[in-house]
Structure formats: C-alpha cells, structure tokens
Amino acid sequence: QKEVEQNSGPLSVPEGAIASLNCTYSDRVSQSFFWYRQYSGKSPELIMSIYSNGDKEDGRFTAQLNKASQYVSLLIRDSQPSDSATYLCAVNTGTASKLTFGTGTRLQVTL
Amino acid sequence: DTAVSQTPKYLVTQMGNDKSIKCEQNLGHDTMYWYKQDSKKFLKIMFSYNNKELIINETVPNRFSPKSPDKAHLNLHINSLELGDSAVYFCASSADRADYGYTFGSGTRLTVV
C-alpha cells in the first residue's frame, strides 16, 4: 500500500463548478497535511495546510481532514481555468521530519 | 528576492559524466531537502539536512552525494550519470521539521543522453 494515495485523474470540471480532490494516507500517526499546486514545468506551491479534524477555508479553497478515516480532501469552489494544474497531497508523520507526497491529481477546468 | 534558488535550471549531459546542482535559501530555515520528480510527477525524497547534519538518506545510489556547507546551502553532486537519472530535481527548505510545509526551489531538469 502506498503511503499517500491520490487518483491521478485527469479530473475535468466545468468553469464555475466545485472541484473535489481526495487523498488517503496510511500512517495513523501523521500530524500535518498539505496541498500543493504544481503547474506544468513549475515547482510545487503550498496552497493549504491542515492539522486538526474538520474544515479549513481560505478563499475559494477548503481543506477537509478526517484522521479516523485517514482522509484529507481539497475543495475548490468556483473553479477557474487558471486552477488547471496538478494537485499534490503531502503528509508529515512528524517522526521522520519529511513530507511524503502522493502522485498528484491533474485537474482540468474547462470553459 | 528568491527564497529558494537552484542552479542550473536545465542540465543536459552525457552518460558517465559528473555534475553538480546547487541550492541556496534565504528564509532562515534549518532544514533542507533534495527531492526527485520522475516523469509521472511523483516526488520522492532523497536527502535531508538539518543545520548541516544529514538526517535523511533514502535508498539512493552512492553516485549521489549531498553536501551542506552551512544551513543556507545544500548541493547535490552526481557521479557517473545514467539515463535513469533523468528527472527534475527539487531543492526545498522548511522550518521546524517540516511541520509547516516546504518552500521549493524552481527545480533543475536533468537530461542524460
């Protein structure tokens, strides 16, 4: 089982819709969770972090964490073509001082 | 003012050559990392240094040797390059053991021909 799993996509949503990106992780002691956005040919950019169960909102982005189910998600409201990118889920177990990344979900926002 | 800078951005070299990639951060972070991103976008950690001390060394061939002269710099030297080394190499830095995530450099696209 991979440590951090994401559906590779592509996930295609129309402009203005809600995009829902999901991630599961295997290590129960994981403590901090991150979403990175990576445009083609660019470096990953941190867009959201979440540390406790529940929802965390920042503008059009909402991160959701459920530690019991070992599940973290990212919702993008009012999706724009500029949101088209690969979204990487990353998890820090806190024991190894490193982030473990999923393989990423490619999001396409269509006009 | 670039936070994490890597050089070079592109590197094309022949098999068997030796090459180096340099990374510098001006964020005052204590920890720096090297990650390799393959053609399927999977980011895999290679090495991590905390205040010049090697703290993570994943199963990476001995041909790869990191060096951290001070906590703001982390370099990666690769000997006897192979075709399979072709990838994008990202440097990153973090404060406080990655609890707040990383800041990535712009990456070095290495192509071995």
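## Working through a two-chain model

The structure holds seven salt bridges over all chains, a salt bridge being a side-chain nitrogen of Lys or Arg within 4 Å of a carboxyl oxygen of Asp or Glu. This is a predicted model, where local features need pLDDT of at least 70, side-chain atom pairs count only at pLDDT 80 or more, and totals for chains, interfaces and linings use all residues. Residues are numbered from 1 along each chain as its sequence is written, chains are lettered from A and ligands numbered from 1 in the order in which they are written, and side-chain values use heavy atoms, with hydrogens and water left out.

### Exercise 1: a salt bridge inside chain A

Find which parts of chain A the salt bridge of A:Glu57 and A:Arg77 links.

*Solution.* Start with the pair: the side chains of A:Glu57 and A:Arg77 come together at 3.4 Å, N to O. Next, place each residue.

### Exercise 2: where the chains meet

Describe the interface of chain B and chain A, from its area down to its salt bridge.

*Solution.* Count first: 21 residues of chain B are in contact (heavy atoms within 4.5 Å) with 23 residues of chain A. Then take the area. About 1700 Å² is buried (accessible area, 1.4 Å probe, that the two parts lose on being put together, summed over both), and carbon and sulfur atoms give 51% of that. On the chain B side, B:Lys41, B:Arg97 and B:Phe104 lose the most area to chain A, together 29% of what that side buries.

Last, the salt bridge. The count between the chains is one, and the partners are A:Lys98 and B:Glu58, at 3.3 Å, N to O. As for strands, β4 (31–37), β5 (43–50) and β6 (53–57) of chain B each give two or more residues to the side that touches chain A. Of these, β4(B) gives the most, with three residues.

### Exercise 3: the largest pocket

Work out which residues are closest to the centre of the largest pocket and which strand gives the most to its lining.

*Solution.* Begin with the volume, about 330 Å³. A pocket is an open set of points on a 1 Å grid over the protein atoms alone, where a 1.4 Å probe fits, with protein on both sides within 12 Å along at least five of seven lines; lining residues have an atom within 4 Å of a point. Grid points are joined across faces, edges and corners, and the volume is the space filled by probe spheres set on the points.

Of the 20 lining residues, A:Gly41, B:Gln37, B:Ala87, B:Val88 and B:Arg109 are the closest to the centre. Both β9 (87–94) and β11 (108–112) of chain B give two or more residues to the lining, with β11(B) giving the most, four.
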